[in-house]
Amino acid sequence: MLSTQPTQVKNSGLQYLDSSITPDPNNGGSNPSPNQKLLPLTAKVNSRDCLEIGGCDVTTLVEQFGSPLYIVDEVTFRTACHQYREAFANYYPGESLVLYASKAWNCLAICAIANSESLGIDVVSGGELYTALQAGVSADKLYFHGNNKSTSELELATESGCTIVVDNWLELKALASLPQESIRIMIRLTPGIECHTHDYIRTGHLDSKFGFDPDTWDEVFTFISQHPTLNFVGLHAHIGSQIFERQPHQDLAKVLVECIVKAADYGLSVEQINVGGGLGICYLESDDPPTIDDWVKGICESVVAACTSRQLVLPKLLSEPGRSIVGPACVTAYTLGSSKVIPEIRTYLTVDGGMSDNPRPITYQSVYRSVVANRMSDPLTEKITIAGKHCESGDILIKDATLPQTQPGDILVVMATGAYNYSMASNYNRLPRPAAVLVKDGEAQVIVQRETYQDLIRLDRIPERLTQSIN
């Protein structure tokens with residue numbers, strides 16, 4: 001399939017195996033930082049010239065499980081968990097706990113793996129909380145966020161005994177009115193810190209729907225001090241996502257420590273502080289995020305310095321990475337279908353999925369890289385726009401992708417799709433949501449079953465007066 005536009009012959013898809021940043025070998029043992037890699041750590045090309053992940057040939061996985069298919073590399077996921085845990089242990093003299101921000105991808109298997117790596121879980125809805133509990137995560141390692149928790153969600157949270165991160169006055173007063181003798185809470189603060197990221201994922205600046213603004217902090221601490229059933233344990237702030245800068249989190253440490261001092265004026269002891277997450281990952285070869293080790297080191301040093309300057313005992317330090325744990329661990333495999341050549345403009349190549357399994361390009365203008373899994377060493381001679389199959393002109397996964405010559409039935413792999421792809425997937429155009437498999441040591445196990453047409457109508461109901469039209 002030749003493009004109508006002349007293109008220079010480029011490297012093959014093999015370049016993506018080693019083109020992302022290779023960090024300091026002292027970081028996290030012998031493994032590189034997963035957030036700096038475009039493909040999962042186990043990715044390689046086998047003797048068939050096919051992409052292999054977790055010891056599994058991607059084309060064989062598609063033959064077995066169909067497409068679109070989310071492929072999660074267990075080694076990459078666990079490596080990121082381990083590097084976070086070890087970095088906090090190395091750089092923070094006090095107690096620490098890494099929480100997996102499960103909104104990035106919440107399902108039973110993912111929560112179970114994070115739990116087995118001694119991570120806690122950050123949840124933002126009753127459904128995410130329920131899933132984590134069903135995956136065996138203990139309540140003392142669960143932290144429940146959200147800016148509009150329902151009454152039933154608050155009841156589930158208080159019954160489970162998890163920590164509730166209170167976001168607003170309505171929620172705070174609702175919790176104070178509950179009959180429980182002790183409800184463990186943290187307070188989410190809006191620190192007023194800007195970071196250079198997409199407006200939709202920037203959460204720490206003052207113009208944000210999240211958290212208590214600085215001019216309310218005194219009133220909040222006064223209220224908590226007057227309600228003994230509110231077991232106040234700490235402070236939380238989150239400044240955004242896909243962040244490459246170090247300075248914003250260093251500034252955040254100072255703000256949180258000043259809030260510890262302020263809370264003490266009201267007789268409140270801050271046992272824990274949560275600095276949020278947000279470390280970025282590589283979606284392009286040019287992306288240059290800090291390593292997990294460097295990012296954690298900067299945060300720990302900033303918190304220690306801020307506490308030392310105010311002669312404070314180190315609080316338990318929490319962080320809640322999500323994207324940088326699961327994002328690089330997953331790819332999505334598609335089967336190529338129809339094409340359309342518009343002379344002197346572009347060539348469209350269509351896959352069997354699109355915005356229903358990856359809404360980030362149409363929502364955030366997110367960019368991705370791709371390879372043809374069964375033609376890894378072929379030269380990249382084509383400039384192609386990868387389109388989804390949905391009835392939307394904006395259903396474009398990648399603009400101007402560089403690919404080898406392809407034909408229908410080839411397998412396209414889009415990289416770094418672990419974060420917010422499955423979790424934001426939909427049934428738009430009534431497409432069943434894809435399956436997900438976990439791969440390790442040459443074995444693949446389904447962790448999310450592919451939906452069927454029967455699943456699509458399972459919750460539909462037809463009023464009795466309309467049933468005659470069906471018969």
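**Segment, cores and a buried glutamine**

Over residues 337-418 the chain is 6% helix and 43% strand, with the end C-alpha atoms 24 Å apart; helices (H or I, at least four residues) and strands (E, at least two) are DSSP runs numbered from the N terminus. An unreviewed UniProt entry lists residues 337-418 as "domain: Orn/DAP/Arg decarboxylase 2 C-terminal", and such annotations may be inferred rather than shown by experiment. The model is predicted, so local features need pLDDT of at least 70 and side-chain atom pairs count only at pLDDT 80 or more, while totals for chains, interfaces and linings use all residues. Residues are numbered from 1 along each chain as its sequence is written, and side-chain values use heavy atoms, without hydrogens and water.

In soluble globular proteins, nonpolar side chains tend to be buried together. A nonpolar core here is a set of buried Ala, Val, Leu, Ile, Met, Phe, Trp, Tyr and Cys residues joined through side-chain atoms within 4.5 Å, where buried means under 20% relative accessible area (1.4 Å probe, protein chains only). The largest such core has 83 residues, and F77, Y100, W105, L172, I185, I187 and L235 have the most contacts inside it. Helix 9 (residues 292-309) gives the most to this core, with eight residues. A second, separate core of 42 residues includes L336, V372, L403 and I411.

Helix 2 (residues 74-91) holds Q83. Q83 counts as buried because its relative accessibility is 4%. The Q83 side chain reaches the backbone oxygen of P32 at 3.1 Å, a polar contact being a pair of N or O atoms within 3.5 Å, which within protein must comprise one able to donate a hydrogen and one able to accept it, with residues adjacent in sequence counting only if both atoms are side-chain atoms.

How values were computed. Buried < 20%, exposed > 50% of the residue type's maximum accessible area, 1.4 Å probe, protein only.
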